[in-house]
Amino acid sequence: MGQASTAETYLKIENVWKAFGDFYALKDISLEVRRSEFVCFLGPSGCGKTTLLRAIAGLDIQTTGSVFQDGQDISALPPSERDFGIVFQSYALFPNLTVEKNIAFGLENSGIARPDIEKRVAELLELVGLPEQAKKYPAQLSGGQQQRIALARAIAMSPGLLLLDEPLSALDAKVRVHLRHEVKDLQRKLGVTTIMVTHDQEEALAMADRIVVMNHGVIEQVGSPTDVYREPVSLFVADFIGETNQLDCEAGMKGKGIRVGKQTLASAPHTHTDGQQVIAVIRPEDIIPHGDGARSTGAPEEISEPGNTVETTVDEMEFLGSFWRTRLSSPDLGTGQIVADFSVNAVRRMEIQVGGRMRIEIPSQRLKVFAATAEPEK
Amino acid sequence: MSSTDALGPNVSADSRIKPKLGSDDWIMRGYMIVLAVYLVVALALPLYAMLSKAFETSRFDLAQFEVQVSDESGAFNQPAATLKQLNDKSNFVAEGDLATSSDGRLALTNFFPDFSFRSPVKYRLRGLDDNAVYLVGSERFAGTKPAEFDSNTFRKVVIRPIQSHGLANFATYFSTPALFQSIQNSVFIALVSTVITVTLAFGFAYALCRSCMPFKGVFRIIAMAPILVPSLLPGIALVYLFGNQGFLKQFLMGESIYGPIGIVVGSVFFTFPHAMIIILIALSISDARLYEAAVSLRASKWRTFWTVTIPGARYGLISAAFVVFNLVITDFGLPKVIGGQYNMLAVDIYKQVIGQQNFQMGAVVSVVLLIPALIAYVVDRLVQRKQVALLSARSVVYQPKPSRRFDLSCLAYCALVALFIISILGICQYAALVKFWPYDLSLGLSNYDFDRMDGGGWAAYRNSIMLGLMTAVIGTVIVFTGAYMVEKTKGFTRGRASFQFLAMLPMAIPGMVLGLAYIFFFNNPANPLNFIYGTMAILVICTVTHFYTVSHLTAVTALKQIDGEFEPVAASLKQPFYRLFSRVTVPVCLPAILDIMIYLFVNAMTTVSAVVFLYSSKTTLASVAVLNMDDAGDIAPAAAMGMMIFYTNVAARLVHAVVSRYVLGKTQGWRQR
Ligand SMILES: Nc1ncnc2c1ncn2[C@@H]1O[C@H](COP(=O)(O)OP(=O)(O)OP(=O)(O)O)[C@@H](O)[C@H]1O
Ligand SMILES: [Mg+2]
């Protein structure tokens with residue numbers, strides 16, 4: 001992760017609950033964020049991401065539980081006594097003030113001399129890449145530009161913590177992807193501890209050092225993007241992040257595999273007893289193609305786990321530029337289809353085509369098994 | 001879900017986080033409480049004083065006192081007797097006369113027919129309980145201590161009534177046909193005026209909204225003109241047109257303009273703009289797609305009108321109806337001027353208080369008047385809420401298509417209505433300039449020599465402008481900051497809800513009721529605020545309070561349109577809320593703030609009902625002067641003064657337009673892209 005040197009905890013959330021009347025929007029949330037880390041809260045709409053962010057900012061203080069920032073207990077402090085900068089989805093730029101006045105809003109009243117303020121504003125505008133826009137009003141800027149100004153305003157006072165609530169989701173797709181990198185670069189340059197709320201998994205995967213996956217007011221998993229992507233701890237996480245194939249099946253092989261249709265497949269180790277209804281999950285890109293042997297011209301691919309192969313028929317193929325999305329079916333796996341992503345190269349080499357038959361290999365370590373309830377209890 | 005909720009934390013009182021309030025929170029809550037106290041003092045307490053007055057009865061309790069009379073030598077040989085025993089024997093004071101007002105006094109000599117102040121006879125008086133109160137001259141005595149008086153002093157002894165609470169005053173009210181007839185009259189007039197006004201206003205709004213006729217802007221301005229004059233001005237115009245010397249008198253075919261006809265016509269005039277604007281908004285937000293659907297279904301125009309237009313505007317129509325009803329039933333100026341012998345509730349309050357000095361009965365009539373006003377208010381609020389819901393779901397704006405016949409009939413109709421409004425104003429202006437109606441029709445300015453008339457003269461006009469300016473400035477500050485606190489304070493739910501309630505209340509209170517309530521509250525010598533009675537300050541407070549609600553709603557609407565995240569951002573930048581307020585909130589809301597100012601100014605210039613009880617000889621007002629000059633028979637000067645108010649308001653509106661434009665250009669450059 002490359003953050004080893006600054007691995008000390010900066011923000012600590014302990015057993016936070018938040019009630020709105022009878023409804024708990026946050027249930028026993030505990031979390032630690034390291035100094036200079038970029039953390040994303042990721043989850044579906046209504047799962048409590050904003051609520052948690054607002055509790056951290058002190059805007060809607062939690063019902064019970066504590067928040068520590070830099071060793072200090074800030075649980076009950078009003079926002080004005082906490083140390084953070086914030087950017088909202090709506091930008092919340094003051095419409096009647098020019099860009100520079102917006103950025104200088106916090107600086108002006110804090111005993112900084114006017115020339116220094118001007119210098120700082122110019123520096124910040126430079127930093128967000130909008131040095132020419134100082135005299136304009138927010139309404140004269142594009143959405144992406146406005147969001148950058150909001151960002152500049154939030155970091156103007158060099159806060160210890162930067163909070164971003166879906167900062168990019170009001171922007172169109174291109175600008176969004178572009179800004180992702182800028183925000184991330186900026187964060188790295190400043191080394192400011194940052195929490196960003198998003199419901200866009202791609203955004204979270206691309207930007208975060210660590211992702212906090214939330215659902216129904218609880219944290220499902222905390223981990224690096226590769227962790228949550230490759231080692232989801234629950235069906236929810238597996239399903240929510242990235243594409244998955246889900247196979248309804250029975251647990252088998254004493255916690256080392258599954259039975260699906262007539263076939264037994266080895267899987268990553270799990271804790272379910274044989275015969276229990278489970279759901280096995282495999283990502284499309286983890287499926288390894290092997291030609292049908294008869295037709296492929298080259299030497300047959302080496303099959304590393306001969307027991308974990310399935311004979312399939314190619315039902316559909318869709319060219320998505322850098323790879324082929326293929327839908328496969330197999331009587332051995334029951335009624336459903338399996339989606340697999342194959343490289344352009346592999347498809348050409350193995351002459352995979354619609355209607356053809358092919359053998360696929362399912363790497364056991366990539367086949368994850370979860371209990372068959374959709375909502376894991378916590 | 002339930003299984004997880006069952007895991008809810010053991011929320012004991014000490015594990016619950018108690019948010020620490022920042023200095024902003026303290027200031028905002030503190031300020032909100034200050035404003036709430038203001039509203040309590042300016043509204044709730046006076047109303048309470050009035051209500052308790054209405055339910056309070058005073059009665060002389062003769063069983064409270066015992067008198068013993070000496071013989072001529074001063075020896076007390078006769079046994080003592082209570083006044084009740086004396087009265088039961090000879091009925092000196094009729095049973096009905098024992099009911100009195102809270103100021104009532106009853107002389108003891110009433111009970112001694114052979115009393116002479118020269119006689120050497122002495123009297124020994126004793127109260128029988130601690131509440132027995134009597135006065136000797138102006139000195140007050142209470143309790144059971146006996147006292148002895150010679151005859152000369154005894155004639156100055158009066159007893160005071162005891163107070164109790166109950167419905168006795170209402171019993172008196174309803175057993176006085178002359179009084180409760182007014183209920184029927186008021187409701188009748190209000191209903192008739194409502195039907196006529198809403199119908200006329202609907203046609204007008206419909207033409208403005210759905211036709212392609214020319215001069216729409218001009219018509220709109222003319223339709224709004226009645227707002228700029230006191231409600232009694234159309235009464236004066238009607239007197240000139242149809243009164244005893246009116247040149248159109250024969251049109252009434254023997255009916256008198258003084259009475260229901262005059263009140264209804266005048267009411268239609270002064271309520272027209274209120275109804276028109278409400279309906280216009282309702283019509284302009286209804287969805288054009290419904291019309292397109294109707295056209296595609298080949299529905300006839302008539303059918304479309306009844307199935308699309310009317311239902312779409314129903315909330316507007318209902319709201320307009322209740323607003324008009326409320327305005328008419330609570331109006332005082334117009335029936336005072338043109339009502340003749342036809343009694344209306346609002347005028348009854350005035351007559352009871354000013355004419356007969358019977359404050360208690362004034363309070364009773366006020367309570368009676370409060371009931372329909374409250375109902376109309378509640379219905380209007382409910383309907384408005386629905387309309388707002390409709391508004392947020394709205395979509396496509398209707399674009400009328402030209403149609404020669406329809407547009408021409410709309411034009412003709414609007415021209416007629418406009419003619420009505422202009423002629424009412426025109427006749428007032430003409431009458432004001434004519435030297436001696438109807439004998440000498442040459443023009444001159446003699447009627448403007450207000451200083452020669454009763455009513456306050458030009459000073460009244462200057463006072464009105466002063467009142468208008470002070471109300472506009474002070475009122476806007478109070479209203480806008482109050483609305484800001486309600487909208488932007490965090491937590492403190494109950495405090496905010498109470499404030500909101502207080503802010504909405506004034507709209508439900510008729511002006512006459514408010515004014516009378518002020519008398520009860522502020523004219524009480526025991527009230528430490530008694531000193532503002534009879535000053536300009538009480539007029540300003542009363543007027544701000546009277547027109548609080550509409551201003552408050554304007555401010556709230558403007559504030560709701562501001563991004564709710566500004567406060568969090570400012571807090572994160574360690575900026576106090578008042579810096580955000582002055583740098584951002586106020587500039588962004590400036591158009592709404594100016595609207596509130598002009599609203600308060602215009603209303604302060606035209607209002608009569610509340611202030612008619614509160615002005616003093618140093619603080620006479622133009623609108624009250626119109627009333628008083630009319631009352632004194634100086635009708636032409638009254639018309640002249642009324643038109644002065646009109647021109648002043650027109651000028652104020654022009655200034656408002658110019659300032660708005662200038663300010664918008666200067667501070668709101670950001671609005672244009
Ligand atoms: N002030 C409030 N009063 C009552 N319920 C609330 C309040 N604020 C949030 N909630 C509820 O709490 C839950 C979490 O809301 P929150 O805004 O944190 O969701 P979110 O994860 O940010 O969703 P989104 O992606 O839609 O922004 C929701 O079910 C919401 O309805
Ligand atoms: Mg959210």
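Glu108(A) and Arg583(B) form a salt bridge, their closest N and O atoms 3.0 Å apart. This is a predicted model, in which local features need pLDDT of at least 70, side-chain atom pairs count only at pLDDT 80 or more, and totals for chains, interfaces and linings use all residues. Residues are numbered from 1 along each chain as its sequence is written, chains are lettered from A and ligands numbered from 1 in the order in which they are written, and side-chain values use heavy atoms, with hydrogens and water left out.

Trainee: Which helices hold Glu108(A) and Arg583(B)?

Mentor: The two residues pair through a salt bridge (a side-chain nitrogen of Lys or Arg within 4 Å of a carboxyl oxygen of Asp or Glu). Helices here are DSSP runs of H or I, at least four residues, and strands are runs of E, at least two, numbered from the N terminus. The pair joins two chains, because Glu108(A) lies in helix α2 (residues 99–108) of chain A and Arg583(B) in helix α23 (residues 577–606) of chain B.

Trainee: Is Glu108(A) buried or exposed?

Mentor: Buried means under 20% relative accessible area, exposed over 50%, and partly exposed in between (1.4 Å probe, protein chains only). Arg583(B), at 23%, is partly exposed. Glu108(A) has 19% relative accessibility, so the residue counts as buried.

Trainee: Which residues are linked with Glu108(A) in a network of salt bridges?

Mentor: Side chains of opposite charge can pair when their charged atoms come close. Glu108(A) also bridges to Arg114(A), with closest N and O atoms 3.6 Å apart, and to Lys101(A), at 3.9 Å. Arg114(A) is partly exposed at 44%, and Lys101(A) is partly exposed at 31%. The network links Glu108(A) with Lys101(A), Arg114(A), Arg579(B) and Arg583(B).

Trainee: How many salt bridges does a search of the whole structure find?

Mentor: One of them is the pair Glu108(A) and Arg583(B). The search runs over all chains. It finds 35.

Trainee: What percentage of the residues in chain B is buried?

Mentor: Chain B has 25 helices and 13 strands. Its C-alpha trace spans about 105 × 85 × 50 Å along the principal axes. Of its 673 residues, the buried share is 52%.

Trainee: What percentage of the contacts in chain B with a separation of 6 or more joins residues 24 or more positions apart?

Mentor: A contact means heavy atoms within 4.5 Å. Among contacts in chain B with a separation of 6 or more, the share from residues 24 or more positions apart is 78%.
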